[in-house]
Amino acid sequence: MQKQHLNHYNFADHYYNRIKLKKCHLTKCLQDKPTISELARNIPSRSFSCKDFLPIQQENKDSLSENMDAFEKVRTKLETQPQEEYEIINAEVKHGGFVYYQEGCCLVRSKDEEADNDNYEVLFNLEELKLDQPFIDCIRVAPDEKYVAAKIRTEDSEASTCIVVKLSDQPVMEASFPNVSSFEWVKDEEEEDVLFYTFQRNLRCHDVYRATFGDNKRNERFYTEKDPSYFVFLYLTKDSRFLTINIMNKTTSEVWLIDGLSPWDPPVLIQKRIHGVLYYVEHRDDELYILTNVGEPTEFKLMRTAADTPAIMNWDLFFTMKRNTKVVDLDMFKDHCVLFLKHSNLLYVNVIGLADDSVRSLKLPPWACGFIMDTNSDPKNCPFQLCSPIRPPKYYTYKFAEGKLFEETGHEDPITKTSRVLRLEAKSKDGKSVPMTIFHKTDSEDLQKKPLLVHVYGAYGMDLKMNFRPERRVLVDDGWILAYCHVRGGGELGLQWHADGRLTKKLNGLADLEACIKTLHGQGFSQPSLTALTAFSAGGVLVGALCNSNPELLRAVTLEAPFLDVLNTMMDTTLPLTLEELEEWGNPSSDEKHKNYIKRYCPYQNIKPQHYPSIHITAYENDERVPLKGIVSYTDKLKEAIMEHAKDTGEGYQAPNVVLDIQPGGNHVIEDSHKKITAQIKFLYEELGLDSTSVFENLKKYLKF
């Protein structure tokens, strides 16, 4: 139903992705991650548009490249060879003069300037763990580079192992810990490296441990969260001054500080949990910068206080955001704070000068739909990447000294000229404007006769995924229209947008989805007989509900690991995530109002004999987040209703197809499964009566079959 990470903020995701040009297949996906105008004081601001972007000139290319990582060095190669297959490696970190990353089945490191070559040192062979196709999910290097820790996972399971490798002439694995979620290094007063990590059991992360190695080995539990509705993760502030223990559920958080200079001292509580108050912490020059929703309006705002007086009564308002603004991420530098924002369905970067209280607001290109954050230790530059579902990431760097944003030059992706991106709005039943993002070919004629693939999520305050997907690009090239509906329950317009689509307002998301599809058809984008709807995980709730309430709007549906039986799942407290999910769906076991409301929209509860669109469901055999049992029950009940309707309708009725594709393994969503991608595309083309010859030929340019 949901990965255990921040719903509203991406402090925990500061390790970055590395793209490498290679004759291989797409192995891992680019992750999305996490306008300042209403300021606490009158601070002069300046607006930028795309015309303000300065291309990197030839004469300063060498100096700029010194500040960019391996991603930038190969991006031009990648874009000048757009038909080349490539792989994306998730975890890579820089520390000192080295880059640490995965090469083949090994954890390796190489000198920074040699990161693109094959000259690297093998630190650990993942095959020693005897796992099936392991990959490195996250890397952390100890402060003095005596140790490196890496979290190892496999594609077919959410279980992970954290290994600790001692760095020496002959690197050796010093320790391994099972089921680690987050982990960070600090150094104590005796110059000893201390690893803090969180332990995850049954998808619940409640325990914090700390461990040392070498001659003074120890491993002890440091903290246990007693409330089962909360989970715990660790974050090291950008300057490494404090390690933060973040304890949160969907609506409330509490943060403790561990002194990075004295990690054995008792932690300091910033502010005890207050229901409905979320906050996240960064540090600079003995001050805490706190991103929080405390006060009115209940959207995120930036506050600060002295590190030695962290309680809420000492927080001073620093910056506030416009309404309908989502804070994607925050990055702290020596003299600047950078906010990555989404406002009214467009991306912005706001650069706050901490020395002079200045702020610059940069409106980013309209094609951009998502940020990819970069771990960056250079205080002079703030690099990041922009992407969209049909366009691979492009590199941008804000240079503080120049006060300007530089965009990467080189080969321009042809998709920029062959496709269009539109930002439209639909009016929901209650008059609320619902944003949509639409992609289609520039030269498409008579869009009403083109196939339409609608995407939706609408839960947990999370944005609809809009990272680059090769199969989405191929569909647009083949004439499809892609529509992304940013309905209530998601986070695209801020915290209130989420609040207006959860608990006893969940039906708002359904009304929004219905309005979006009707608006698309009304404005000439496709027609019901050529319309398909797709979602994964909790997005299945709205899709399943729409299939029950307005099946005539759709021809086909594809779902992956869908949440379809809300009522029975939320009444089963033995499931690992039920207690954590109460703030999103309600508590039908103890609250009759919640129970009756869930009954109104729960896909499983509302199946009835009627015509349904054809449905393709991908499920995973040992998925702990959305148990297979509920999906099988939904599928069986749906087939029975379709058969009953067919019997009542009589001869000549063409019943829809219902396909349940059960994949092995215990992961929740495997985004890059070639088998899943091809099965879903084949299903869509067959159901809509389209010729799939060219689409599979084009897909081979990106994926290895």
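**Ground rules.** The model is predicted, so I kept in mind that local features need pLDDT of at least 70 and side-chain atom pairs pLDDT 80 or more, while totals for chains, interfaces and linings use all residues. Residues are numbered from 1 along each chain as its sequence is written, and side-chain values use heavy atoms, with hydrogens and water left out.

**Overall make-up.** I looked up the secondary structure and found 13 helices and 40 strands in the chain. These are DSSP runs numbered from the N terminus, with helices being H or I of at least four residues and strands E of at least two. Next came burial: 61% of the 705 residues count as buried. Buried means under 20% relative accessible area, exposed means over 50%, and partly exposed is in between (1.4 Å probe, protein chains only). The chain exposes about 27,200 Å², and carbon and sulfur atoms supply 47% of that. Accessible areas come from the Shrake-Rupley method with a 1.4 Å probe, and for residues only the protein chains shown count as cover.

**Ring pairs.** My search of the whole structure gave 25 aromatic pairs. Rings of Phe, Tyr and Trp (its six-membered ring) pair if their centres lie within 6.5 Å; planes under 30 degrees apart are stacked, over 60 edge-to-face, and the rest tilted. I picked out Tyr398 and Phe400, an edge-to-face pair at 5.6 Å centre to centre with 65 degrees between the planes. Tyr398 and Phe400 are both buried. Then I checked Tyr460 and Trp585: the centres are 6.1 Å apart and the planes at 85 degrees, so this pair is edge-to-face. It links distant parts of the chain, with Tyr460 in the loop between β35 and α4 and Trp585 in helix α9 (residues 582-585), 125 residues apart. Tyr460 and Trp585 are both buried. I also noted a cluster in which ring pairs link Tyr147, Phe177, Trp185, Tyr197, Phe199, Tyr209 and Phe213.

**Phe468.** This residue sits in the loop between β35 (452-455) and α4 (470-477). Phe468 has 3% relative accessibility, so it counts as buried.

**Salt bridges.** I found 30 of them in the structure. The rule is a side-chain nitrogen of Lys or Arg within 4 Å of a carboxyl oxygen of Asp or Glu. Which residue does Arg284 bridge to? Its partner is Asp335, with the closest N and O atoms 3.9 Å apart. Arg284 is in strand β21 (residues 279-284) and Asp335 in the loop between β25 (325-332) and β26 (336-343), so the pair ties together parts 51 residues apart in sequence. Arg284 is buried at 12% relative accessibility, whereas Asp335 is partly exposed at 30%. I also wrote down a network of salt bridges linking Asp144, Lys146, Lys187 and Glu191.

**Charged patch.** On the surface, Asp636, Glu640, Glu644 and Asp648 gather in a patch of negative charge. Patches take residues with over 30% relative accessible area and no salt bridge, joining like charges within 9 Å and nonpolar side chains (Val, Leu, Ile, Met, Phe, Trp, Tyr) within 5 Å. Lys and Arg count as positive and Asp and Glu as negative, without His and the chain ends; each charge is placed at NZ of Lys, CZ of Arg, CG of Asp or CD of Glu. Asp648 belongs to helix α11 (residues 628-649), and its relative accessible area of 60% makes it exposed.
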